[in-house]
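Biologist: Please show me the model. I would like to ask about its helices and domains.

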Amino acid sequence: MKRRVAIVGAGISGLACALRLHAIDPNLEIVVFEREGRVGGKILTERIDGFTVEAGPDAFLASKRGGLSLSRELGLEERMVSPVPKHRRSFVLSRGRLVALPQGLSGLVPSELKPILRSRLLTPAGKVRLTMDLVIPPRTAIEDESLATFIRRRLGTETYERMIEPLLSGIYAGDGERLSLAATFPQLRASELTHGGIIKGAVAQNQERASRDPAQSPRTGFLSFETGMSEIVDRALDVAKRNGVRFVLGADCSRVRAEPGGQPGYRLAVSRGGEDQVESFDGLVIAVPAWAAVPLLRDTVPGAASVLARFEHVSNALIVIAFPESQLTRPLHGYGYVVPRVEQRDVMAMTWVSSKWTGRAPEGQVLIRAFVGRAGQTAALEGNDESLVQLTLRELKEVLRLDVVPTITRVYRWNRGMPQYNMGHLDRVNRVETELARTPNMELAGNYLHGVGIPDCIVSGEAAAANLLADFREQARQASVPASPVAN
Ligand SMILES: Cc1cc2nc3c(=O)[nH]c(=O)nc-3n(C[C@H](O)[C@H](O)[C@H](O)COP(=O)(O)OP(=O)(O)OC[C@H]3O[C@@H](n4cnc5c(N)ncnc54)[C@H](O)[C@@H]3O)c2cc1C
């Protein structure tokens, strides 16, 4: 008999899970339920009047496990594109002016000192304090600390506020004072312990990379696809459908109950087009945001539901504006800029899309994206879409001295879109996973568990598939073991 598996949520986590389930066991009957009328979740590329507009992520990290491998499995290797190399630099808004982010930053932290010491981003005192990382002994206490505390301790307050904080805001839309070091950048703590400091660790890593045969070196940097991030979603959907996976769109899953009478499996309540129905499945993967998983887990795994209800999320909005190139007063040579929290502005980052990527705007047009909303700075989101467009036009005027008349404008809102990996995150995830490990045939996947990036989500979906099938195998094994003879 075919086992039936339901996946709730068709974001990249759910899609990766569906593909992996079929790859491991082609005999499964897999059904994916998705609340929206489309698959992809936060990944959405729109084509508007010749522009390619990313409403959510615009790239993924090549070096992280998951993204590249799935792209290759889906035959997308030839479709992958990198940002335009000749514009490869980014800026930081510092005391009202754009200052180039120094070269030699490896991830979040410096791996070369010279460019930082030459940069105008830090004051001489800030630079001296940063180099003290080379001599400050490692902290011996083993408890976790916030990212802000750690970076301040090693590199100083100025480096944290002016250089590191805006970069990590760009990843988590979070507050460094609350983000957990262990849950976000454990490799930095490992550098401190192994090499004696962040800079020494980054330098050692660079040397190790340089010593490798370039042909063997893994791909690095950011990647997208020729026509945008939706390519990976569209291809995953095609392949999954060809493999017999069924997608039910516009299907809002509201509740999960265990099969009655101690039977294995679950009953999933689904509303679709005003109709409610309940379907039975042998296994279930819940691949939705943490807050959306709470009602689904409440009846079957209440302990996990109550921990998930405490996960914090931040809302944000992405404002897209295009305008004729003739309105530029100078070329936008770069990928864009980030804005430190201390600058106290509503826009936290801006990408100059048409400079960063080829073919995203028609000839003679400029395309930009502005990000609004991060932990503790979400007041601007209360305004309507027009106010967000006006805010971005003001930003263009004040920072880039551009008075533009837009060709197109779009606002994409991501309500509770970014999970916050705050202090205690690893403990909370551990508690949720322990509860789920005791619940057979049910798995979780998503961006709130072990990383927010697309590669992390893919890995989480694939791991959920492997764990679910391990449960099935264990049950089959137990069923085939003859009952032990009753001792007399
Ligand atoms: C603005 C923005 C920019 C980003 N930029 C990047 C970037 O450049 N690079 C990067 O790697 N990452 C980026 N991220 C993060 C990354 O995009 C997300 O973490 C990832 O796409 C989440 O995938 P997911 O499948 O876990 O969740 P989602 O994409 O949220 O998918 C979950 C799906 O579940 C559905 N769902 C929810 N509840 C139910 C229910 N009850 N019944 C049925 N369906 C339900 C939802 O409709 C949704 O489709 C960005 C995120 C945002 C918001």
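This is a predicted model: local features need pLDDT of at least 70, side-chain atom pairs count only at pLDDT 80 or more; totals for chains, interfaces and linings use all residues.

Biologist: How is a pair of packed helices described?

Modeller: Two numbers are used. One is the distance between the axes, and the other is the angle between the axes.

Biologist: How are α5 and α6 oriented to each other?

Modeller: Helix α5 covers residues 147-155, and helix α6 covers residues 157-172. Their axes are 9 Å apart, at an angle of about 140°.

Biologist: Which hand does the crossing of α5 and α6 have?

Modeller: Follow α5 as α6 is passed. The crossing is right-handed.

Biologist: Which residues of α6 make the contact with α5?

Modeller: From α5 come Leu147, Ala148, Ile151, Arg152 and Leu155. The contact divides into seven nonpolar, two polar and two charged residues. On the α6 side stand Thr157, Thr159, Tyr160, Glu161, Ile164 and Leu168.

Biologist: At what angle do α1 and α10 pack?

Modeller: Helix α1 spans residues 12-24, and helix α10 spans residues 230-242. Their axes lie 10 Å apart. α1 passes α10 in a left-handed crossing. The packing angle is about 35°.

Biologist: How many charged residues are in the contact of α1 with α10?

Modeller: Ile12, Leu15 and Leu19 of α1 meet Ile232, Val233, Ala236, Val239 and Ala240 of α10. By class, eight are nonpolar.

Biologist: Where does the domain assignment place domain 3?

Modeller: Domain 1 is given as 4-42 + 231-311 + 421-480. Domain 2 is 96-215. Domain 3 is 315-419.

Biologist: How much area do domain 1 and domain 3 bury between them?

Modeller: Their C-alpha centres lie 35 Å apart. Eight residues of domain 1 are in contact with five of domain 3. Carbon and sulfur atoms carry 66% of the buried area. The total is about 600 Å².

Biologist: Which three residues supply 70% of the area that domain 1 buries against domain 3?

Modeller: No other three residues of domain 1 supply more of that area. They are Lys42, Trp291 and Val452.

How values were computed. Residues are numbered from 1 along each chain as its sequence is written. Side-chain values use heavy atoms; hydrogens and water are left out. Axes are lines fitted to C-alpha atoms, for helices over the stretch in contact, and angles run from 0 to 180 degrees between N-to-C directions. Helices (H or I, at least four residues) and strands (E, at least two) are DSSP runs, numbered from the N terminus. A crossing is left-handed if the near helix is turned anticlockwise from the far one by less than a right angle, and right-handed if clockwise. Contact means heavy atoms within 4.5 Å. Ala, Val, Leu, Ile, Met, Phe, Trp, Tyr, Cys and Pro count as nonpolar, Asp, Glu, Lys and Arg as charged, and the others, Gly among them, as polar. Domain bounds come from an automatic or database domain assignment. Buried area is the accessible area (1.4 Å probe) that two parts lose on being put together, summed over both.
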